[in-house]
Amino acid sequence: PGELKFSKRESEMIPLILDGHSNKEIAVKLNIGNKAVEAHKKNLFKKTKTQSAVGFVSYIFKKGLNFLK
């Protein structure tokens, strides 16, 4: 299995998800629409085979991926 590849936008979103920001807050910070945030989150969950933000955060930490600023 290859290394997970995150798009630039996904990589920008991950620290915000880890910090517990809402979709609305993420949309404002990244200057994108709510629907775009939902789409990127869905892709992130699919890539990491997780079902929720909590599962996603757990996955990121278990894998030792450092996205916190």
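# A walk through the helices

Helix 2 is followed by asparagine 31, whose phi is positive, near 55°. Helices here are DSSP runs (H or I, at least four residues), numbered from the N terminus. The model is predicted: local features need pLDDT of at least 70, side-chain atom pairs count only at pLDDT 80 or more, and totals for chains, interfaces and linings use all residues. Residues are numbered from 1 along each chain as its sequence is written, and side-chain values use heavy atoms, with hydrogens and water left out.

Stay with helix 2, residues 23-30. Ile26, Ala27 and Leu30 are buried there. Buried means under 20% relative accessible area, exposed means over 50%, and partly exposed lies in between (1.4 Å probe, protein chains only). The face turned away from the buried side carries the exposed residues Lys24, Val28 and Lys29. What covers the buried residues of helix 2? Helix 1 and helix 3 are included in the cover. This cover is judged by contact, which means heavy atoms within 4.5 Å.

Now turn to the charged side chains. How many salt bridges does a search of the whole structure find? The search finds three. A salt bridge is a side-chain nitrogen of Lys or Arg within 4 Å of a carboxyl oxygen of Asp or Glu.

Begin with helix 1, residues 8-18. Lysine 8 forms a salt bridge with glutamate 12, and the closest N and O atoms are 2.8 Å apart. The two residues are four apart in helix 1, so about one helical turn separates them. Lysine 8 is exposed, with a relative accessible area of 65%. Glutamate 12 is partly exposed, at 27%. Glutamate 12 also meets arginine 9 in a salt bridge, 2.7 Å from N to O. Glutamate 12 and arginine 9 both lie in helix 1, three residues apart, about one turn of the helix. Arginine 9 is partly exposed, with a relative accessible area of 27%. Together, Lys8, Arg9 and Glu12 are linked in a network of salt bridges.

Glutamate 10 has another partner. Its salt bridge is with lysine 47, and the closest N and O atoms are 2.7 Å apart. Glutamate 10 lies in helix 1 and lysine 47 in helix 3, so the pair ties together parts that are 37 residues apart in sequence. Is glutamate 10 buried or exposed? Glutamate 10 is buried, with a relative accessible area of 3%. Lysine 47 is partly exposed, at 30%.

Next come the aromatic rings. A pair of aromatic rings is described by the distance of the centres and the angle of the planes. Rings of Phe, Tyr and Trp (its six-membered ring) pair if their centres lie within 6.5 Å; planes under 30 degrees apart count as stacked, over 60 as edge-to-face and the rest as tilted. A search of the whole structure finds two aromatic pairs. Phenylalanine 6 and phenylalanine 67 form an edge-to-face pair, with 5.8 Å centre to centre and 80° between the planes. This pair links distant parts of the chain, 61 residues apart: phenylalanine 6 is in the segment before helix 1, and phenylalanine 67 is in the segment after helix 4. Phenylalanine 6 is buried, and so is phenylalanine 67.

Phenylalanine 45 and phenylalanine 56 form a tilted pair, with 5.8 Å centre to centre and 50° between the planes. Phenylalanine 45 is in helix 3 and phenylalanine 56 in helix 4, eleven residues apart, and the pair links distant parts of the chain. Both residues are buried.

Not counting residues up to four places away in sequence, phenylalanine 56 touches Ile14, Ile17, Leu44, Phe45, Thr48 and Thr50. The C-alpha atoms of phenylalanine 56 and lysine 41 are separated by 9.5 Å, and these residues are 15 apart along the chain.

One of those contacts, threonine 50, ends the walk. Threonine 50 lies in the loop between helix 3 (34-48) and helix 4 (53-62). Threonine 50 counts as buried because its relative accessibility is 14%. The side chain of threonine 50 makes a polar contact with the side chain of threonine 48, at 2.9 Å. A polar contact is a pair of N or O atoms within 3.5 Å; within protein, one must be able to donate a hydrogen and the other to accept it, and residues adjacent in sequence count only if both atoms are side-chain atoms. Leaving aside neighbours within four places in sequence, threonine 50 is in contact with Phe45, Gly55, Phe56 and Tyr59.
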